[in-house]
Amino acid sequence: MAEIIEFPVIDLVATGKKIQQLRKERGFTVRDLQRFFGFEEPTAIYHWQNGKHLPSVDNLCALSKLFGVPMDDIIVLWDNADADSKKKLITAIKQGKNIK
């Protein structure tokens, strides 16, 4: 019988924190990323960092090249998420909020 593998779940908040951490460690500002991606406004960058949205696969690939790390080092899976992120997600689920 095949081994059952748990379905991976990306922690948006922890991934956003990781994007922000890598950006700061590499000395980039939000405006630097905005220009790099050619965005008219920095809103998408802030949404990524605040865990509201994930970057597209193309943008995630670009971030990995810009930061000099594999994409797996940017994405934080639920198993690796910090306790605060897990608590927020569980609370939102219990309150019936729409999780994005």
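**Close-up 1. Leucine 54, partly exposed in a loop.** Leucine 54 has a relative accessible area of 36%, so this residue counts as partly exposed. This is a predicted model. To find leucine 54, look in the loop between helix H3 (43–49) and helix H4 (57–67).

**Close-up 2. Phenylalanine 36 and phenylalanine 37, ring against ring.** Search the whole structure and you get five aromatic pairs. In one of them, the ring centres of phenylalanine 36 and phenylalanine 37 sit 5.1 Å apart with their planes at 85°, so this pair is edge-to-face. Are the two residues buried or exposed, or partly so? Phenylalanine 36 is partly exposed, at 44% relative accessibility, whereas phenylalanine 37 is buried at 15%.

**Close-up 3. Phenylalanine 37 meets tryptophan 48.** Phenylalanine 37 also pairs with tryptophan 48: the ring centres are 5.3 Å apart and the planes are at 85°, so that's edge-to-face too. This pair links distant parts of the chain, with phenylalanine 37 in helix H2 (residues 30–37) and tryptophan 48 in helix H3, eleven residues apart. Both phenylalanine 37 and tryptophan 48 are buried.

**Close-up 4. The aromatic cluster.** Phe36, Phe37, Phe39 and Trp48 are linked into a cluster by ring pairs. Among these residues, Phe37 is buried and Phe36 is partly exposed.

Technical notes: Residues numbered from 1 in each chain as written. Predicted model: local features only at pLDDT ≥ 70, side-chain atom pairs only at ≥ 80, totals over all residues. Heavy atoms only, no water. Helix = DSSP H or I, 4+ residues; strand = E, 2+ residues; numbered from the N terminus. Buried < 20%, exposed > 50% of the residue type's maximum accessible area, 1.4 Å probe, protein only. Phe/Tyr/Trp six-rings, centres within 6.5 Å; stacked < 30°, edge-to-face > 60°.
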